[in-house]
Every structure is written in structure tokens, then in C-alpha cells.
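The exercises below go through one chain step by step. Try each task before reading its solution.

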Amino acid sequence: MNEKLLMKTALLAGKILMENGAEVYRIEDTMERIIRKGIGDPRMDIYYTHVTLSGLFVRIEDVGTDFRRVEDRTYNLTKTTAVNTLSRAYTAGKIGLVDMYKSLKIVEKEQSKIPEWFKILCAGILSGSIVLIFEGSWWDVFPGGIAGVVAYYVFLRVAGYLKAPFISEYISTFVGGAAGYVTYLLCNGVSLKFAMVGAVVPLVPGITITNSMRDIMARHYLSGMIRFVETFCIAFALGAGIVTVYFILRLVGGAA
């Protein structure tokens with residue numbers, strides 16, 4: 001058994017999972033199962049794994065320690081499902097270590113097959129639907145949808161250029177909120193707040209807060225609290241973008 005390759009495979013699987021929205025306790029479990037299968041020894045005292053939001057560690061006694069840094073984190077359940085499928089196939093003996101490593105490299109490089117225009121369209125439908133869920137008027141559905149479309153489009157464009165966290169969310173909701181206000185005026189909307197709430201909906205960090213709670217429940221308190229703080233900061237940035245639009249409208253006397 002090539003222990004170095006085993007460590008690289010476990011770290012690559014964990015890195016893909018971390019970068020695409022998996023919880024810390026799931027990542028550790030997947031890495032441990034891969035290593036346990038590879039070394040053929042169930043004893044926990046001869047190998048160790050440690051997972052944080054910014055890096056992953058693996059140590060096997062008499063072999064050494066390896067580390068991978070996690071640069072960016074997003075959400076792609078297709079990739080997490082692919083890693084889980086490969087992990088189960090490997091631990092069940094259906095594929096070898098070399099084949100699994102090669103397959104993981106392919107998964108890592110894969111791009112989303114969902115076209116960007118479709119994501120933006122879905123963001124608009126979601127934002128418009130939220131208006132009705134909050135018992136808003138049908139006249140506010142279109143402004144809310146436009147706000148969501150613009151906010152999500154701006155986020156996709158800005159996030160690729162800005163590396164400063166939370167600024168992208170602020171800019172996106174600010175521009176989306178402004179677009180919602182303009183559309184609200186053009187469509188003679190009933191409620192400005194419902195017209196503008198659509199700018200926030202596509203960017204709400206729902207998966208992040210869910211992962212935070214699940215990590216805390218699994219006693220990974222550090223990663224859970226970090227995710228919780230991250231969620232709070234994102235929510236603050238989203239709210240700040242909308243509040244800025246309202247503030248400007250108040251100054252010019254345009255808020256309804």
C-alpha cells in the first residue's frame with residue numbers, strides 16, 4: 001500500500017468536501033474511513049485527522065504528516081455527492097486507491113453544468129415567490145423578482161473580482177435594492193419593502209447557518225462558532241445594503 005498516496009487521497013476528498021459545503025464532522029468521517037480502509041487497521045491510535053475551515057491534516061504513524069490548505073468555500077452538492085459515492089465505492093472494495101485518486105482529481109476540476117442564466121432566472125423566481133409567501137401583493141412580485149435577479153447577477157460578477165469578504169453581499173443587495181425600487185415605481189407597486197426584499201433572498205446564507213448548527217451539535221464547537229459568526233456577518237452585509245438604499249431614499253424624499 002502506498003501510504004503517501006493514501007494520505008493525498010484522503011486529503012483531496014476532504015478538501016473537495018470542505019470547499020463545496022460539507023460539515024466538518026462529515027469530512028472527518030469520510031477521511032477516516034478512507035484511511036482505515038487503506039491501511040487495513042481499525043485502530044485509531046495509528047492515524048489521526050484534523051479538519052478546520054481553512055486547512056486539513058492527516059498523520060499516519062511511521063509515515064508522516066500531510067496538510068492541505070482550503071482557500072475558498074462555496075456550495076456545490078453535486079461535488080459532495082460525487083466524493084461520497086467514490087468514498088463508499090472505495091471502502092466497499094469496488095475501486096482501487098489509484099482509481100479513486102484519479103476520479104477525485106476529475107471531480108475537483110469539474111465546473112457546474114448549470115448555466116449561469118438559469119441560476120439567475122431561478123433567483124428571480126425565488127425572490128418573486130417570497131413576496132407572496134409573506135402575503136405581499138401580486139403587484140410587488142415583479143419588482144421583487146427583478147431585485148433578486150439584479151442582486152444575484154451583481155454578486156456573481158463582483159464576487160469573482162473582490163476578495164474582501166462580505167463586501168460582495170453589500171454591493172449586491174444595494175444594487176438589487178435600488179433596482180427593486182425603480183421597478184416598484186414603474187409597476188405602481190403596493191409595498192416598497194416587499195419589492196426590495198427580493199434582493200436579499202438569493203444571498204441568504206441558509207446552508208451556512210445549518211452547517212453551523214450541525215457542527216455545534218456534533219461538538220465541533222470551533223468550526224461551528226466560526227460558521228455562525230460568518231453567517232452573522234453576511235446577514236449584516238445584506239441588511240446594510242438594503243438599509244443604505246432606504247437611507248438614500250429618505251434623504252431625497254423618495255421612500256414610501
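**Exercise 1.** Which domains does the domain assignment of the chain give?

Solution. The assignment, which is automatic or taken from a database, gives domain 1 (3-109) and domain 2 (116-252). Residues are numbered from 1 along each chain as its sequence is written. The model is predicted, so local features need pLDDT of at least 70 and side-chain atom pairs count only at pLDDT 80 or more, while totals for chains, interfaces and linings use all residues; side-chain values use heavy atoms, with hydrogens and water left out.

**Exercise 2.** Describe the chain as a whole.

Solution. Start with the secondary structure: the chain has 10 helices and 3 strands, where helices (H or I, at least four residues) and strands (E, at least two) are DSSP runs numbered from the N terminus. Their order from the N terminus is α-α-β-β-β-α-α-α-α-α-α-α-α. Next, take the extent: along the principal axes, the C-alpha atoms fill a box of roughly 70 × 30 × 30 Å. Then take burial: of the 256 residues, 44% are buried (under 20% relative accessible area with a 1.4 Å probe, protein chains only; exposed is over 50%, partly exposed in between). Last, among contacts (heavy atoms within 4.5 Å) with a separation of 6 or more, 65% join residues 24 or more positions apart.

**Exercise 3.** Work out how domain 1 and domain 2 meet.

Solution. First, the C-alpha centres of the two domains are 34 Å apart. At the interface, 11 residues of domain 1 touch 11 residues of domain 2. The buried area, meaning the accessible area (1.4 Å probe) that two parts lose on being put together, summed over both, is about 1,000 Å² here, and carbon and sulfur atoms give 50% of it. Tyr25, Leu53 and Tyr75 supply 47% of the area that domain 1 buries against domain 2, more than any other three residues.

A salt bridge joins the side chains of Arg73 and Glu230, with 3.4 Å from N to O. Helix H2 (residues 24-39) gives the largest share of the side of domain 1 that touches domain 2, 4 residues.

**Exercise 4.** Is Val24 buried or exposed, and what does Val24 touch?

Solution. Val24 is found in helix H2. Its relative accessible area is 1%, so Val24 is buried. Not counting residues up to four places away in sequence, Val24 touches Met18, Val51, Leu53, Asp215, His220, Ser223 and Arg227.

**Exercise 5.** Is Arg219 buried or exposed?

Solution. Locate the residue: Arg219 is in the loop between helix H9 (206-217) and helix H10 (221-252). Its relative accessibility is 67%, so Arg219 counts as exposed. Then check the backbone: phi of Arg219 is near 70 degrees, a positive value in a residue other than glycine. Most residues other than glycine have a negative phi.

**Exercise 6.** Describe the surroundings of Ser127.

Solution. Ser127 lies in helix H5 (residues 116-133). With a relative accessible area of 0%, Ser127 is buried. Leaving aside neighbours within four places in sequence, Ser127 contacts Gly144, Gly145, Gly148, Gly198, Val201 and Pro202. For Gly198, the backbone oxygen lies 2.9 Å from a polar atom of the Ser127 side chain.

Conventions
Salt bridge = Lys/Arg side-chain N within 4 Å of Asp/Glu carboxyl O. Polar contact = N/O pair within 3.5 Å; in protein donor to acceptor, adjacent residues only side chain to side chain.
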